[in-house]
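Take a look at the model below.

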Protein chains: 2
Amino acid sequence: MAESIRRPVTAHDVAKLAGVSQSAVSRTYTKGASVGQKTREKVEAASAALGYRPNLVARSLITRRSNLIGVVVPSLENPFYSEVLEALSKAFDGSGYRVLLFSTAASADSDPILEEVLRHRVDALILVSSSLSSRFAEECVQIGLPVVLLNRKNDSQGVSSVTSDNAEGGAVIADFLVASGHEKLAFIAGTPCSSTSRDRELSFTTRLEELGQGTFLREVGGYTFEGAMAATRRLMALAERPDGIFCANDLMAIAAMNVITHECQLTLGRDVSVIGFDNIAMAAWPSVSLTTYRQPIERFVQDAVDIIEAQLNNHDTPAIQKVIAGNLIVRQSARLPEAGFAEADGERIWRAGN
Amino acid sequence: MAESIRRPVTAHDVAKLAGVSQSAVSRTYTKGASVGQKTREKVEAASAALGYRPNLVARSLITRRSNLIGVVVPSLENPFYSEVLEALSKAFDGSGYRVLLFSTAASADSDPILEEVLRHRVDALILVSSSLSSRFAEECVQIGLPVVLLNRKNDSQGVSSVTSDNAEGGAVIADFLVASGHEKLAFIAGTPCSSTSRDRELSFTTRLEELGQGTFLREVGGYTFEGAMAATRRLMALAERPDGIFCANDLMAIAAMNVITHECQLTLGRDVSVIGFDNIAMAAWPSVSLTTYRQPIERFVQDAVDIIEAQLNNHDTPAIQKVIAGNLIVRQSARLPEAGFAEADGERIWRAGN
DNA sequence: CTGAAAGCGCTAACAA
DNA sequence: TTGTTAGCGCTTTCAG
């Protein structure tokens, strides 16, 4: 019953059947190699007959290019990361690269994972919302491995990064909340160690102080839905509860909205305002309608891919730190100021007046 | 300025520095090889000094095991697939396998992708909600490549599959909707070619007929949020609009809920009931509270992983078709029957009474 | 336990 | 354009 397992067909087998040399077979499947019409036909015939499939592992060994991009993402519970991952996969697909996926606990030390990634001889590395120890950063530069940090910055030079304009984001959200008359503001942070969360918070509170709104509340939501629900509960249990909450990402903002409407029986945009950060697809759903600072995922990913491909083609291409402008998309989760609205990409946005 | 790019350190370099043979280095990093204490120490010292990292590509070439699992998933727009992907990644991680990701348009022909997957010499293949041409099915069996279809069945024997009990699911949902007094039912299908959607629909309508509810409406939502919104609009625009809608998955159910509450100003669970299929994390959010048939993702993934590991360890392990029992989790998106409730895993579930 | 030697399947000079 | 010849970096017999 058990069909005997065929030994994989090699270029050698094909060559023998086609009556050509093994290198002729190789050339037939190597882009830009010169093969005669006759030879190519014989090879393709034999190939088809035998079911030949070039072994990319062997090819990688000699070309020293695996056509694999290591991608490290935190929990896919957050739709933002699913969207990023899918966009990355699609973008690289077009250039012939495949994604070798590493999913990691957001907070865990990523060094052991990176060790493993490098053993696989990936051609490049993308770290999404995850930092890189300076030891590894240096090492990657030394071995000429292009690395891009997505949605996180890094002290080390030599490592590229693509982030959105967290400074502008936090500030414009402060402007918006103050312009719409909020008086007791709160921030729900992701994790203390995340540079994005810190940058957003810092620019938010700095601008608040500039505007004379010195006091504000603060909780940590850990970037998760559950964590943010708990954080929101603590906030709303306060004697003087906030009337405006800025969450370090959309997932936490949606969690906050759930607590506010379904547990506190309050109305969003009237009793309490919630603002997120990311603009995940879900934020536009009518039942969510979240006012949020958009990080344009397509640009994010495209820039990361461009940086990597540039470095792949020319190893002297310097690392660059890219900061992408976003904008505040206005929906219904937060009370509106009187003016300052505009239109962009079919969305209603808001800019600080002048 | 440009730091010269170091040639990667090889086992040979380490051997030379350590004053041992290259094979000694290899043994040091090969599980279950015999190396003397002294030798091992020398190798490890030299290794550390040079920054040696075993090349898994070269290892794969000779062992004929890449430690890579090809995973093909449809759009990650659907959180169900993100959850599956993350669970797969985590599960394989524990056994030393990595995920080589292939993201594909749900409807596209997957053959070209599979061709590419096989060239990479993955050790096994998981196709999520995607079918396999019989040509490939046979080929995979012949080359001894374990394949598991997740959330989809296949005609070909020899290919394993893990699905939830779609027949039971569709039937119990019909029972539930009839028991709670609905009179005009509708089904929003995924794609016509999807076996899961067809199975769910067939068992749903069959049971409906058995219960004397012959007529029902039908639309196609294409498994997407937008598609399902459009389908729901068509349904709700009908002179005799449905009072109960069963959607082939949760994402579409949530889209339907959005249209019903925000566009039609109707109340879920009173004017119209919506039932989904999957039980994605979001279904439990207070603002969603979707009644849905649970597909236990952890079991799904665990079974798939078990099948693959069994076949990896013993190539004569036969393919198996696994069907996993789910249950109907009752929340607030659908009107309730009078009786039949129970508790399971901390969730309120419903079973056809008798 | 250790080293020498033979490849894994393929690409890339180099000659012809 | 072709075939011949070396390896890519590693694992794995096989002697010692």
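Chain A and chain B bury about 5400 Å² between them, with 60% of it on carbon and sulfur atoms. Buried area here is the accessible area (1.4 Å probe) that two parts lose on being put together, summed over both. This is a predicted model: local features need pLDDT of at least 70, side-chain atom pairs count only at pLDDT 80 or more, and totals for chains, interfaces and linings use all residues. Residues are numbered from 1 along each chain as its sequence is written, chains are lettered from A and ligands numbered from 1 in the order in which they are written, and side-chain values use heavy atoms, with hydrogens and water left out.

Across the interface, 57 residues of chain A are in contact with 57 residues of chain B (contact means heavy atoms within 4.5 Å). Six salt bridges link the chains (a side-chain nitrogen of Lys or Arg within 4 Å of a carboxyl oxygen of Asp or Glu). One joins the side chains of Arg53(B) and Glu115(A), at 3.1 Å from N to O.

Which element gives the most to the side of chain A that touches chain B? It is β2(A), with six residues. Helices (H or I, at least four residues) and strands (E, at least two) are DSSP runs, numbered from the N terminus. β2(A) and strand β2 (residues 98–103) of chain B pair in the antiparallel sense over three bridges; pairing requires that DSSP finds at least two bridges between two strands. In this pairing, Val99(A) stands opposite Leu101(B).

Now turn to α6(A). Its buried residues include Ile113(A), Leu114(A) and Val117(A) (buried means under 20% relative accessible area, exposed over 50%, partly exposed in between, with a 1.4 Å probe and protein chains only). The buried residues of α6(A) pack against β1, β2, β3 and α7 of chain A, together with α4 and β2 of chain B. Just after α6(A), Arg121(A) takes a positive phi of about 60°.

The last stop is Ser273(B), in strand β9 (residues 273–278) of chain B. Ser273(B) counts as buried because its relative accessibility is 1%. Its side chain makes a polar contact with the side chain of His182(B) at 2.6 Å. A polar contact is a pair of N or O atoms within 3.5 Å; within protein, one must be able to donate a hydrogen and the other to accept it, and residues adjacent in sequence count only if both atoms are side-chain atoms. The side chain of Ser273(B) also reaches the backbone nitrogen of Arg335(B) at 2.9 Å.
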